[in-house]
Amino acid sequence: MTTSPTPFDKNGSLGSKRLIIRRDPDDPDPPELIEATWGSNLRFTDGIDYSFVRGDGQDFSIGNRCLIPATAFDMKVGEKRFRATLDSGNWFYLAGIWEPGDNGEVFYRIITVYANADIVDYQQR
C-alpha cells in the first residue's frame with residue numbers, strides 16, 4: 001500500500017483499506033501510520049456496517065481518534081457527483097474514530113457534522 005493520500009470516495013466500497021494516523025494506546029508517542037478497514041467492526045454492531053458516525057453532541061476528546069489523509073472527497077448527491085479539494089492541491093485530513101478488530105485488524109469510521117453554509121446546497125450532512 002502506498003503512503004501517499006488518495007481521493008476518498010464516500011460511495012466507495014466499505015471494507016476497503018486505507019492509511020490512517022492514530023495514537024497506539026499502548027505507546028501513544030509518536031503517532032503512527034497504519035492500514036485500517038473502512039467501516040465498523042461487525043461484531044459490535046449486530047452485523048450492520050457503519051461508515052460514518054455523527055459527531056453532534058458527542059465528546060471525542062478521549063478515545064480512539066484518528067486522521068484519514070486524503071487528496072479529495074468525492075460524494076454523490078442524487079445523480080450528480082461532486083469532488084471537494086483544496087485549491088492548493090495539498091492533502092487534508094478527515095476526522096475519524098478507530099476500533100480494534102480480531103487478529104490485530106483495525107476499523108475506522110468518519111465523523112460527520114451538520115453541513116455549513118458552503119455545502120448545505122450540495123449535501124445535507
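Colleague: Is arginine 22 buried or exposed in this predicted model?

Modeller: A residue counts as buried when its relative accessible area is under 20%. Arginine 22 has 12% relative accessibility, so it counts as buried.

Colleague: With which residue does arginine 22 form a salt bridge?

Modeller: The criterion is a side-chain nitrogen of Lys or Arg within 4 Å of a carboxyl oxygen of Asp or Glu. Here the partner of arginine 22 is glutamate 32, and the closest N and O atoms are 2.7 Å apart. This pair links distant parts of the chain, with arginine 22 in strand β2 (residues 17–24) and glutamate 32 in strand β3 (residues 27–38), ten residues apart. Glutamate 32 is partly exposed, at a relative accessible area of 24%.

Colleague: How many salt bridges does the structure hold?

Modeller: There are four. Among them is the pair of arginine 109 and glutamate 99, at 3.5 Å from N to O. Arginine 109 is buried at 14% relative accessible area, and glutamate 99 is buried at 15%.

Colleague: Which residue forms a salt bridge with arginine 23?

Modeller: That residue is aspartate 29, with the closest N and O atoms 2.9 Å apart. Aspartate 29 is exposed, since its relative accessible area of 55% is over 50%. Arginine 23 is partly exposed at 44%.

Colleague: Which residues make the nonpolar surface patch?

Modeller: Leu67, Trp91 and Tyr93 make this patch of about 310 Å². Leucine 67 lies in strand β5 (residues 65–77) and, at 37% relative accessibility, counts as partly exposed.

Methods
Residues are numbered from 1 along each chain as its sequence is written. This is a predicted model: local features need pLDDT of at least 70, side-chain atom pairs count only at pLDDT 80 or more; totals for chains, interfaces and linings use all residues. Side-chain values use heavy atoms; hydrogens and water are left out. Patches are made of residues with over 30% relative accessible area and no salt bridge: like charges are joined within 9 Å, nonpolar side chains (Val, Leu, Ile, Met, Phe, Trp, Tyr) within 5 Å. Accessible areas come from the Shrake-Rupley method with a 1.4 Å probe; for residues, only the protein chains shown count as cover. Helices (H or I, at least four residues) and strands (E, at least two) are DSSP runs, numbered from the N terminus. Buried means under 20% relative accessible area, exposed over 50%, partly exposed in between (1.4 Å probe, protein chains only).
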